[in-house]
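Q: Please take me through this structure one feature at a time, with the general idea before each case.

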Amino acid sequence: MMNLITGLSGIGYHPGSWRHPSSWTRPLMNLEYLIEVAHTAERGKLDMLFLADGNSVRMSAPHVLAAGGLLSRPAIHEPVTLLTAIAQHTKNIGLLATATTTYEEPFTLARKFASLDHLSNGRASWNVVTTSNPGDAYNFSRDSHMARVDRYERAREFVQVVKGLWDSWADDALTQDRETGQILDPAKIHVLNHKGKHLSVKGPLNCARPPQGYPVLFMAGQSEPGRDLSASMADCQFAVTPTKEEAMAYYADLKARLPKYGRRPEDLRVMPGATIYVGRTSEEADEFFEELQSRIPPELGVDYLSGLMSMDLTQLPIDGPVPEPQEIVGGSSRRYVIYDMAKRENLTIRQTYERVIPTVGHVLMKGNGKQVAEQMIDWYRSKACDGFNVHIPHQPSGLTNFVDFVIPELQHAGAFRKEYEGRNLRERMGLPVPSNPYFTEAAEPMPQSA
Ligand SMILES: Cc1cc2nc3c(=O)[nH]c(=O)nc-3n(C[C@H](O)[C@H](O)[C@H](O)COP(=O)(O)O)c2cc1C
């Protein structure tokens, strides 16, 4: 069965959507709307709610910033904090927060995610990123962003340290036995004592081992080092693959890397983004799509494309060609995917932003519920993916339409769950629950307090 996740946002992905009369008013940082999104996604039995993140506001020209480019991320909640609040309003859905290995410290990160896993009864997931926006460096006492090769080297060491910290305590270490007066078993603590090239962390962590062993690990990098890191240690991988053929090639490439690390193909779920416009009828979906497209101001369109491609296109003719990206420090490999499409189809800057804005470089699936479900199932059965990161163009109707029109079709075809099963997110997704390498014997059941 496929896995499905969706963004936790009160604003749709389409930059023209928030001004549509049917959108939520004053949607920024509004917890009530986010709880409603979470309830709808849980009603649809989705695997996870996802928060992308960065650590700076991308300062465009004032008139562009004022028009509301979503990539500028002017006002968003800190992801683990927000998901801890959402955990109190939901029961089964996974909670996926982005956090960077480049600017965080492993001890605080391990502690935050372990806490989220406990507070949500085993529903935490970490999107491990190395940060694409070089400007984040200036908020962390640095003059420049680390080069990609160094970011990935640190990321590999960082994730190993975080796992080592999560393994600080055996699952049955906190005995809390009133009779004997033993609150914990000192023989069941592991002190990490890590000293590596980038990090030095003694441990142990001051939080019990997460209920899932480790929260589900998501990764996003598309480059060679990014793919290798995912193949060696991720449970799930995002992808930016606008066509089924590209998705199949990417899927095969990633799965072929797993045996080198002693892992099985099913140990890594590949989940490309898919932007979904669904209506009661295909005509309704088409009309809504065109309506949102007509609401993109050109200055926002050019700025949006500049942000996605990490290059300034604002001084170039809007009806001229898209220039080839140069190698820079930072910047995601998504910029090359967009450039290749523009070159292949001879698109101008305007045509390119009109093409990428509704999808942000992902595949577009549009139609009624049955049509969209058929496209999703086709990708899934063709080994182009194990599931999708469902991009919702407009809130709240984009998600409610997806849950009401597409999910029943997927369920009817046996491609998606009808009920949540399993004790935690890993079990629900069919992912292995990692044992603690420092305490390999089967854990004794935790003694109950009187
Ligand atoms: C689909 C996707 C989602 C991403 N999400 C984030 C994010 O939320 N925050 C972030 O700082 N970086 C994000 N990144 C950037 C990656 O962490 C990475 O730094 C960047 O892609 C450069 O590595 P690469 O060349 O291996 O792709 C994302 C990348 C991709 C492809």
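A: The model is predicted.

Q: Is Ser17 buried or exposed?
A: Ser17 has a relative accessible area of 1%, and buried means under 20%, so Ser17 is buried.

Q: Which residues does Ser17 touch, not counting those up to four places away in sequence?
A: Ser17 touches Ile11, Gly12, Ser23, Leu292, Pro393 and His394.

Q: Where does Gln395 lie, and is Gln395 buried or exposed?
A: Gln395 lies in the loop between strand S11 (387–391) and H13. Its relative accessible area is 3%, so Gln395 is buried.

Q: With which residues is Gln395 in contact, leaving aside neighbours within four places in sequence?
A: The contacts of Gln395 are with Ser9, Gly10, Ile11, Gly12, Ser22, Ser23, Trp24 and Val37. By contrast, Thr108 is 287 residues from Gln395 in sequence, and the two C-alpha atoms are 33 Å apart in space.

Q: What should I look for in the backbone?
A: Most residues other than glycine have a negative phi, and most peptide bonds are trans. Gln395 and Pro396 are joined by a cis peptide bond, with omega about 5 degrees. Pro396 lies in the loop between S11 and H13. The peptide bond from Gly203 to Pro204 is cis, with omega near 0 degrees. Pro204 is placed in the loop between strand S6 (200–201) and strand S7 (216–219).

Q: How do I read a pair of packed helices?
A: Two packed helices are described by the angle between their axes and the distance between the axes. Take helix H12 (residues 369–381) and helix H13 (residues 397–412): they pack at an angle of about 55 degrees, with axes 8 Å apart. H12 and H13 are therefore oblique to each other, and H12 passes H13 in a right-handed crossing.

Q: Which residues make the contact of H12 and H13?
A: H12 contributes Gly369, Lys370, Val372, Ala373, Met376 and Ile377, and H13 contributes Phe402, Phe405, Val406, Glu409 and Leu410. By class, this contact has eight nonpolar, one polar and two charged residues.

Q: How do H5 and H6 pack?
A: Helix H5 (residues 148–166) and helix H6 (residues 224–233) pack at about 15 degrees, and their axes are 10 Å apart. Angles under 35 degrees count as roughly parallel, so H5 and H6 are roughly parallel to each other. H5 passes H6 in a right-handed crossing. On the H5 side the residues are Arg148, Tyr152, Ala155, Arg156, Val159, Gln160 and Lys163; these meet Pro225, Gly226, Asp228, Leu229, Ser232 and Met233 in H6. The contact has six nonpolar, three polar and four charged residues.

Q: At what angle do H9 and H11 pack?
A: For helix H9 (residues 298–309) and helix H11 (residues 349–356) the angle is about 80 degrees, with the axes 9 Å apart. That makes H9 roughly perpendicular to H11. Pro298, Gly301, Val302, Leu305 and Leu308 of H9 meet Ile349, Thr352, Tyr353 and Val356 of H11. This contact has seven nonpolar, two polar and no charged residues.

Q: How are aromatic rings read?
A: A pair of aromatic rings is described by the distance of the centres and the angle of the planes. Rings pair if their centres lie within 6.5 Å, and the count comes to ten aromatic pairs. In one of them, Phe50 and Phe238 have ring centres 4.8 Å apart and planes at 40 degrees, so the pair is tilted. The pair links distant parts of the chain: Phe50 is in strand S2 (residues 48–51) and Phe238 in strand S8 (residues 236–239), 188 residues apart. Phe50 and Phe238 are both buried.

Q: Which residues form one aromatic cluster?
A: Phe113, Trp126, Phe158, Trp166 and Tyr214 form it.

Key. Residues are numbered from 1 along each chain as its sequence is written. This is a predicted model: local features need pLDDT of at least 70, side-chain atom pairs count only at pLDDT 80 or more; totals for chains, interfaces and linings use all residues. Side-chain values use heavy atoms; hydrogens and water are left out. Axes are lines fitted to C-alpha atoms, for helices over the stretch in contact, and angles run from 0 to 180 degrees between N-to-C directions. Helices (H or I, at least four residues) and strands (E, at least two) are DSSP runs, numbered from the N terminus. Angles under 35 degrees count as roughly parallel, over 145 as roughly antiparallel, 65 to 115 as roughly perpendicular and the rest as oblique. A crossing is left-handed if the near helix is turned anticlockwise from the far one by less than a right angle, and right-handed if clockwise. Contact means heavy atoms within 4.5 Å. Ala, Val, Leu, Ile, Met, Phe, Trp, Tyr, Cys and Pro count as nonpolar, Asp, Glu, Lys and Arg as charged, and the others, Gly among them, as polar. Rings of Phe, Tyr and Trp (its six-membered ring) pair if their centres lie within 6.5 Å; planes under 30 degrees apart count as stacked, over 60 as edge-to-face and the rest as tilted. Buried means under 20% relative accessible area, exposed over 50%, partly exposed in between (1.4 Å probe, protein chains only).
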